[in-house]
Every structure is written in structure tokens, then in C-alpha cells.
Amino acid sequence: MLTIENLHASVNGKKILKGVDLDVKAGEVHAIMGPNGSGKSTLSSVIAGNEVYEMTKGNILLNGEDINELDAEDRAHKGIFLSFQYPVEIPGVSVTNFIKTAINESRKAQGLDDMSASEMLKKIRQKAALLDIDTKFLSRSLNEGFSGGEKKRNEIFQMAMLEPKLSILDETDSGLDIDALKIVANGVNKLKNDQNAVVIITHYQRLLNYIAPDFVHVLHDGKIVKSGTKDLANELEAKGYDWIKQESN
Amino acid sequence: MELKEKLLDSHLAFEQQSEVNDIIQNYRSNALRIFEKKGFPTKKNEEWKFTSLVSLINKNYALFPKTDSGIEFKHVEPFFLHDIDTYKVVFIDGIYSPFLSETTHDGLDVCLLSAALNKNKYKSIIDKYFNKIASKEESLTALNTAYAREGAYIYIPKNKVSEKPVEIIHFSTGEQNAIWLQPRNLIVVEQNAQVQIIERHQSLTHHDVVTNSVTEIYAHKDSLVDYYKIQNDLDSASLIDNTYINQEQNSHVSVHTFSFGGKLVRNNLNYFHKGQNILSTLKGLTILKGKQHVDHNTLVNHSMPNCDSHQDYKGIYSEQSKGVFNGKIYVNKIAQKTNAFQQSNNILIDDKATINSKPQLEIFADDVKCSHGCTIGQLDEDTLFYLRSRGIPRKEAKALLTYAFANNILQSVQINVLKKRINSQIAEKLGVNLGFNL
């Protein structure tokens with residue numbers, strides 16, 4: 001589904017990613033771990049098409065198609081979803097209206113008519129029930145005054161509504177207590193199927209206790225220096241990142 | 001002949017056309033003298049530092065345009081609020097159009113100033129209110145007073161709630177090349193009475209139109225006045241709006257100004273407090289593009305204790321448009337427990353758009369809460385990326401954020417059909433159709 005080849009990226013002239021290779025197939029969950037400053041968030045931003053980052057070398061392919069030149073919105077239309085570490089607050093736009101707009105813009109890009117109001121409502125109810133989300137929050141302004149947990153649940157709710165092929169969860173566990181973490185993880189597990197894929201970007205392995213990854217990769221200094229299974233995550237949790245740094249140096 | 005000379009020279013002919021009693025004639029001649037002395041304000045005047053009238057006054061205008069314009073309702077229907085029933089006072093090129101209007105004398109008066117100035121039954125009201133709070137010193141207000149003869153006259157008696165909003169609409173056809181209009185409105189809302197008013201100036205021609213309007217509003221004890229100014233005119237039309245509001249105890253006067261168009265718009269909005277527990281609300285939403293220029297000049301004169309004023313102006317400026325916000329709050333030394341809030345938030349969409357924002361607080365009381373704030377920003381790229389990552393294209397994302405920015409000004413609009421209308425105008429101005437209401 002997602003193939004990354006020799007990806008180099010920089011921000012303001014500073015090289016962050018220095019040759020990342022990754023292959024994610026449909027039905028798989030990949031975790032990308034790494035110490036602070038290793039380039040994890042840069043990787044997720046570059047995949048999602050954030051123009052702040054300059055891709056200087058390499059390729060990103062989605063289902064075999066080169067998406068290097070696509071804008072963020074076009075990548076979203078092709079099924080890429082990024083759950084933000086810090087979702088932005090947008091006073092004055094309700095969660096519902098935001099999601100409606102997002103869904104209908106995607107449909108427009110695919111040459112489809114707007115989803116009917118009743119269909120939209122049905123889908124919203126269905127997904128909210130699936131994720132155990134109180135529908136009251138849907139009429140609130142997007143992320144405005146939301147707690148950390150509410151913001152992340154809202155991200156997962158959007159993911160449920162948009163039904164992406166590839167979901168990237170950027171530090172979704174940061175700032176969450178254990179109950180909120182379980183709710184979010186539960187949501188991701190419910191949305192997971194053999195047609196889609198999930199990439200989890202995280203510093204700690206605790207989210208991985210709830211969402212079992214098929215593969216774990218360690219990013220260090222802009223490169224994936226080690227790949228393995230869930231056991232690698234446990235090892236990192238036990239030993240920290242220093243041994244990886246030494247090994248790769 | 002220069003415009004000033006022309007305005008001075010034409011006054012005699014005007015007076016012959018429009019006979020009034022001695023008191024009003026006196027007002028007119030005194031006002032003309034002030035205008036003669038002061039002339040048009042220039043940029044040397046601190047209050048006019050950012051707005052130049054030069055481009056307006058270097059033209060030859062018809063001061064008394066011809067009346068027969070043949071405008072039919074179908075030509076102007078879009079400019080009315082048609083989904084609800086309203087009273088209407090409609091003028092074409094400054095002349096009353098009975099045909100487009102719907103006035104009343106049934107329990108309240110919604111009619112013409114020209115009638116009120118001349119008829120005996122209105123004399124006591126006119127004597128008491130006409131030209132009482134309009135500035136005697138400001139030259140453009142004086143110019144209007146010198147030529148005051150027509151406009152809307154609204155009188156809401158004690159305890160009366162006007163069940164229908166009043167629309168005051170000035171159309172200009174400019175059948176002659178360029179016209180200079182000077183409408184004058186008088187609104188008196190007695191104790192515990194309520195009224196909603198929508199005022200609009202609309203040009204139907206690409207000829208130059210300049211409107212120098214004066215409105216006096218008297219809000220008595222416990223009254224409620226909810227006023228909306230819709231400024232969405234053509235690029236050939238300019239407006240100088242001078243509004244003077246006198247508030248008494250427990251009254252609430254709210255003025256929303258929606259400035260979406262016009263060549264040059266200057267709003268002089270002035271509040272005077274004559275009692276306690278008054279609330280004054282001033283809200284503005286400005287969305288400009290091209291070379292449009294809008295200048296909001298507000299004054300809230302807190303001369304009595306325990307009163308609140310709330311000013312919230314938002315502006316969105318594209319291309320080479322220019323905005324000015326000059327908000328003056330004056331708190332008299334006896335006006336303790338004043339609560340005055342002022343906020344001016346602006347977004348510059350393009351590099352060449354400009355906003356000049358100048359809060360002026362003069363506070364002489366020591367137990368008051370006064371705050372003011374001003375922001376000038378661009379749309380945040382991180383926020384845009386968030387929206388785009390959800391599949392909302394850049395243009396729509398910008399529009400959505402701009403919409404959201406404008407939203408809280410719309411929230412306080414009490415007339416639902418008007419709110420909807422403005423909502424769709426915002427979408428139109430931003431060049432997108434999002435297909436939802438906020």
C-alpha cells in the first residue's frame with residue numbers, strides 16, 4: 001500500500017530524513033519508534049504532504065502510484081489520513097460541519113455528489129456509537145477547549161468518518177491518561193481491517209500494548225536503523241534507545 | 001466649480017424648494033456656515049488621517065437628481081428581505097418611492113422625515129429631537145444638516161414593540177452622471193419600546209454616487225434598538241455614514257455594520273450615555289477586496305456610571321483593500337464602574353492589503369474596567385495544513401477559516417433571515433460555496 005524509497009527531507013535547509021525505506025501492506029500495522037529528534041514527526045508530515053518540509057530525494061508511492069508531487073488535500077483524497085500530535089483548534093466551526101466539508105470535498109474530488117444529509121447523519125451516529133463517543137461533542141467548535149483525550153478521540157472519529165486506506169497516528173498517545181489511551185486504541189482496533197493499514201509513530205511502546213503492531217521500526221538520525229516485531233518494542237521499553245544509538249553509530 | 005462652492009451656492013435654491021419652519025431653517029443656515037468655515041476634512045485632520053476624500057470631491061455631482069427613474073420592484077427585489085414581512089422606507093436618488101415603500105401610522109410611525117418636518121402633529125417631536133445630538137461642529141454632519149430634508153422618520157411610542165423590522169433602503173440610479181445624496185434619518189424609541197432596523201444604501205448604476213448620511217437615534221429608558229447597516233455597494237458608490245445615538249437608563253442599542261463593498265465607506269458611529277445601566281453594542285464585519293476602503297470611526301462616550309459598552313470589529317482584507325479602525329472610548333470622571341470592551345481583529349489575505357487600527361482610550365474615572373485589543377494576522381499555515389490533510393482544498397480551507405473568524409459577529413444577529421443572507425454573502429465574497437451554515 002505505502003512504499004517509501006530512500007526518502008530524504010529537510011526543513012529550512014536542515015536535513016532531517018536521510019534515506020528512509022518503508023513498505024506497508026494492506027492489513028498491516030507498523031510502529032515507528034525512536035528517540036526525540038530522530039525525525040518521526042517529520043516522516044509523518046512528509047507522507048501527509050506538509051509543504052513546510054522539503055522532500056529532497058526519494059519516492060513515496062501509494063498503491064504503486066507516485067504521490068511525491070501531490071498536495072496534502074489530494075493525498076487525503078487518495079486515502080491518506082494523519083492523526084495530529086497537536087490537533088488545531090478552530091473556533092466557529094463545529095465538528096459536524098468540519099467533517100461534512102471534509103467528506104464532501106473528498107467526494108467532489110472523486111466526481112461524486114455530496115452525501116445526503118440523512119446519510120451523513122446516519123454515518124455520524126453509527127461511527128460515534130462504534131467509538132463510544134457522546135454525540136453532544138459534535139456540535140462543539142472543532143477542538144476548542146477540548147481536553148487532550150477529547151482531541152485525540154476527535155481525531156479517531158474523523159478517521160472513522162473518512163475511512164482512509166492509510167492512517168498515520170502521530171504520537172497519538174502523548175498527553176493521554178490510561179483510560180483515554182484505551183478508548184483511542186480500541187477505536188483504532190475497531191477501524192482496522194485487511195483493506196487498510198496503520199502506521200503508529202510513537203516514542204513509548206505503551207500504545208502498542210493496546211494496538212498490536214505487525215512490525216516495529218526504529219528511526220534514528222533520519223534513518224530506519226532496525227526493524228523487527230513487537231518484541232523489539234518491548235526491548236526498547238526495557239533498555240531505552242541508547243543501545244540503538246551506539247549500534248548505529 | 002469646486003464641489004464645496006457648488007454646495008454653498010446651491011443652498012439658496014434648496015431652501016426655496018424645501019420650506020420649513022424658522023427653527024429648522026436656522027439649523028440649516030448655521031450648519032452651512034460651519035461647512036463653509038471647515039470645508040471637507042483632509043488628512044491633516046487626525047480623525048481623517050487614513051482616509052482621503054480627495055478622490056470623491058474632485059468630481060461634479062448633481063445635488064438634486066431627477067426623480068423619474070422607472071425602477072420597478074422586480075429590479076430591486078434582491079435588496080429586500082423578502083422572507084419576512086417588514087416596514088419599508090425606500091428612496092430612489094434621495095426621493096421617496098411610495099410605490100416600493102410600506103409605511104405605517106398604526107400604533108407607531110414609520111414614514112418620511114419630510115412629512116415630519118412639515119406637519120404640525122410631529123412638531124413637538126421634531127422640536128425635541130431633530131438635530132439635537134448630531135454634531136454641530138463636524139463639517140460633514142453640518143453639510144448634511146444644511147441639506148436635511150428627506151429620510152426615514154421612525155417613532156416607537158412607549159411600551160410598543162414593533163413586530164416587524166423596518167428596512168430603510170436608499171437606491172441610487174445616477175441617471176445623471178454623478179450624484180451626491182444627503183439622507184437624514186430620525187429615530188425615536190420611547191420608554192420600554194423596541195425596534196429592529198436594517199439600513200442599506202444600494203447603487204444600481206456604475207455612475208459615481210456619494211451618500212453623506214446622518215442618523216439620529218434616541219433610545220429612552222428600558223428601550224431596545226437593534227440596528228443593522230448593510231454596506232455591500234458597487235465599486236462606484238461611496239458612503240459617509242454619521243450615526244449619533246443617545247441612550248437613557250437601562251437601554252440597549254446594538255449596531256451591526258456589515259461592510260462588504262463600496263469604493264469608500266466611512267462610518268462615524270457615536271454613542272452618548274445619558275443614564276445608568278446602559279449597554280451599547282458595536283459590532284462590525286468588514287470583508288473587502290480590490291481597492292475598496294472602509295474606515296470605522298467609533299466613539300463611546302461613557303458619561304454616566306455603571307454602563308457597559310462592547311465593541312467587536314473584524315476585518316478580512318484581500319488584494320489592495322484598505323481598512324481603518326479608530327475606536328475612541330471616553331470615560332468621564334463620574335462614570336465609575338464603567339465596563340468598556342473593545343476588540344479589533346483583522347486578517348490580511350494579500351500582501352498589498354492594509355489595516356490601520358487605532359484604539360483611543362481616555363479614562364478619567366478610577367474604578368473602571370476597560371480593555372482593548374487589536375490583532376492583525378494572516379491565516380495560520382499549520383491550521384491550513386490540518387484542514388488540507390482532511391481533504392479540504394486550500395481555497396476552501398481558507399474560506400472555512402475566514403468564515404469561522406467572522407462567525408461570532410453573525411451570532412449576535414437577531415433576525416434569522418438576515419443572518420442567513422449575510423452568511424451567503426460572506427460565502428460569495430470569499431468565492432466559495434461551502435454548502436452549510438455555521
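**Terms and the values behind them**

Guide: The domain assignment divides chain B into domain 1 (1-218) and domain 2 (379-438), with bounds that come from an automatic or database domain assignment. This is a predicted model, in which local features need pLDDT of at least 70 and side-chain atom pairs count only at pLDDT 80 or more, while totals for chains, interfaces and linings use all residues. Residues are numbered from 1 along each chain as its sequence is written, and chains are lettered from A and ligands numbered from 1 in the order in which they are written.

Visitor: How far apart are the C-alpha centres of the two domains of chain B, and how many residues does each give to the contact?

Guide: The C-alpha centres of domain 1 and domain 2 of chain B are 34 Å apart. Their contact takes 6 residues from domain 1 of chain B and 5 residues from domain 2 of chain B, where two residues are in contact if their C-beta atoms, placed from the backbone, lie within 7 Å. On the side of domain 1 of chain B that touches domain 2 of chain B there are 4 nonpolar, 1 polar and 1 charged residues. In this scheme Ala, Val, Leu, Ile, Met, Phe, Trp, Tyr, Cys and Pro count as nonpolar, Asp, Glu, Lys and Arg as charged, and the others, Gly among them, as polar.

Visitor: What makes the core lie between the two domains of chain B?

Guide: The largest nonpolar core has 177 residues, and those with the most contacts inside it include A:Ile168, B:Tyr153 and B:Leu400. Such a core is a set of buried Ala, Val, Leu, Ile, Met, Phe, Trp, Tyr and Cys residues joined through C-beta atoms within 7 Å. Its largest share, 10 residues, comes from α10(B). Domain 1 (1-218) and domain 2 (379-438) of chain B both contribute residues to this core, so it lies between them.

Visitor: Which elements of chain B give two or more residues to the side that touches chain A?

Guide: The contact takes 22 residues from chain B and 24 residues from chain A. The elements in question are α9 (381-389) and α10 (394-411) of chain B; helices (H or I, at least four residues) and strands (E, at least two) are DSSP runs, numbered from the N terminus. The largest share of that side, 8 residues, comes from α10(B). By class, the side of chain B that touches chain A has 11 nonpolar, 6 polar and 5 charged residues.

Visitor: How do you know that the radius of gyration of chain B agrees with that of a compact globule?

Guide: The radius is taken over C-alpha atoms, and the globule rule is 2.2 Å times the number of residues to the power 0.38. For 438 residues the rule gives a value near 22 Å, and chain B has 21 Å, which agrees. The C-alpha trace of chain B spans about 70 × 55 × 45 Å along its principal axes.

Visitor: How does B:Leu81 count, and where is its place?

Guide: With 19 C-beta neighbours inside 10 Å, B:Leu81 counts as partly exposed. Its place is in the loop between α5 (73-76) and β1 (87-92) of chain B. B:Leu81 and B:Val417 are 336 residues apart in sequence, yet 7.3 Å apart in space, C-alpha to C-alpha.

Visitor: What makes the span of helix α5 of chain A agree with expectation?

Guide: The expected span is 1.5 Å times one less than the number of residues. The 15 residues of helix α5 (residues 148-162) of chain A should therefore span 21 Å, and its end C-alpha atoms are 21 Å apart, which agrees. Of these 15 residues, 12 are buried, and α5(A) is thus mostly covered.

Methods: Buried ≥ 20, exposed ≤ 12 C-beta atoms within 10 Å, placed from the backbone.
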